[in-house]
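Good morning, colleagues. Please look at the model on the screen while I take you through a few of its features.

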Amino acid sequence: MHIFLQVLFILVLVGLGYLVTQRFKLIITSIQLAKPIELNDNPGERWKRVALLAFGQKKMFQKPLVGIFHFLIYIGFVLINVEILEIVIDGILGTHRIFAPFLGSLYSLLLNFFELLSFGVFVACVVFFLRRGVTKVQRLQPDAHRELQGFPIQDAYTILAIECILMFALWTMNASDALLQERQVAHFEPVGAFFVSQHLMPILSNLSTPVLLILERVAWWFHILGILGFALYVTYSKHLHIFFAFPAAYYSSLEPSSKMSNMASVTHEVKLMLGQPVETNTTTPDQMRFGAKDVMDLTWKNALDAYSCTECGRCTEQCPANQTGRALSPRKIMMDTRDRLEEVGKGLAKNKGQWTEDGKSLLGDYISAEELRACTTCQACVEACPMELSPLNIILALRRYQIMEQSDAPAAWNSMFSNIETNQAPWKFNPSDRLNWAKS
């Protein structure tokens, strides 16, 4: 029986590991369809950003209470996985608490620490449940934000529920284990009871030893299968930021957030007109596109940002256009970009890694012209984002295509563009009169 369970565990571990690996490969392939961009300068500053933004969650603490609870979940996720390592090794080798004999009294100290962390994770999840469902924080409500309707709100509650259930499974396993130790059942290493799970022991103490053995094994399997299943589910969830927050922080822009990048294609043409040296451009006029129509026209950093978005809504909460009732929601821009990337990924999977046009695009099918025009480029969304992701870069790329390729701009905008071209100012008067206002 033990051999059968070992083989079963290894098969499950390998199977889920394969599915998770394939899922990440597909996501990375989808990201790599986007345009290349060099972001390898100043590695020291970039690693500092990883330490502060990803590991330290510096900007999360702009809302201190939320920051503390989020940090509890984060640090619990990282450190409790050390215990998962022991469970995986036990499952493969058919052992039980394999680290206990080697660590001695330190083992009990570590497990007590992990249980306290797991309790912190449980409390934080309950608080986040209450924030969404009872106090109803505005930026987290699907009634107020259409991008949260359907799967996004279900995903948020599902993740919180899963984490609570997994913590209960861990405590049940440890409480059953402690009772079996007291009854001196063979193979149960005497490591004692732990801070949190010991409170479940009185409830379970009336169970017979055979029932406790079954309960301990069921809790063990439920916990580890839940963790492995969670790892696969996360790749379809907003909680993918658990993995992508670190590269997103490393490759974040080191320039001031107010700086807008020039379009390489336009810069190339301007330099040619001015007689300045330019790099050889192998792009033909037919291939040249101003701005972005679809995710393939964005940069891979834009695509990475979309997958790294936590859907926290801080960007939308701070957006003045959204506050005044306009259609724009920076969070929706990120979510729409990720949804389109997911659709592209499905196309890649269907066609064995080759992309074929499906008649859809990010601009039009996901993000409307009205949303793009509502943006004032104030940078509030970038400043508010805990990971310094940039919905604005995506908005600018799409709006450039909308105006320069589709000539789709309001009459007032076209008049302004014409004035800038002829008078070097947005207003229709002689360039020599531009500074008359300062003479009064």
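When I say that residues meet, I mean contact, that is, heavy atoms within 4.5 Å. Please also bear in mind that this is a predicted model.

I begin with a pair of helices. In α9, the residues His241, Phe244, Ala245, Pro247 and Ala248 meet Lys301, Leu304, Asp305, Tyr307 and Ser308 of α11. Helix α9 covers residues 241–250 and helix α11 covers residues 300–308; their axes come within 8 Å of each other and cross at roughly 145°. As to handedness, the crossing of α9 and α11 is left-handed.

I turn next to the surface. Which residues form a nonpolar patch there? They are Phe102, Leu103, Leu106, Leu109 and Leu110, and together they have about 490 Å² of accessible area. Two helices, α4 (100–103) and α5 (105–133), each supply at least two residues of this patch. The most comes from α5, which gives three residues.

Is Leu109 buried or exposed? Its relative accessible area is 57%, and because exposed means over 50%, Leu109 counts as exposed.

Leu19 has a relative accessibility of 41%, so it is classed as partly exposed. Finally, consider Leu19 together with Leu232: 213 residues separate them in sequence, while their C-alpha atoms are 7.1 Å apart in space.

Thank you for your attention.

Terms used: Residues are numbered from 1 along each chain as its sequence is written. This is a predicted model: local features need pLDDT of at least 70, side-chain atom pairs count only at pLDDT 80 or more; totals for chains, interfaces and linings use all residues. Side-chain values use heavy atoms; hydrogens and water are left out. Patches are made of residues with over 30% relative accessible area and no salt bridge: like charges are joined within 9 Å, nonpolar side chains (Val, Leu, Ile, Met, Phe, Trp, Tyr) within 5 Å. Accessible areas come from the Shrake-Rupley method with a 1.4 Å probe; for residues, only the protein chains shown count as cover. A salt bridge is a side-chain nitrogen of Lys or Arg within 4 Å of a carboxyl oxygen of Asp or Glu. Helices (H or I, at least four residues) and strands (E, at least two) are DSSP runs, numbered from the N terminus. Buried means under 20% relative accessible area, exposed over 50%, partly exposed in between (1.4 Å probe, protein chains only). Axes are lines fitted to C-alpha atoms, for helices over the stretch in contact, and angles run from 0 to 180 degrees between N-to-C directions. A crossing is left-handed if the near helix is turned anticlockwise from the far one by less than a right angle, and right-handed if clockwise.
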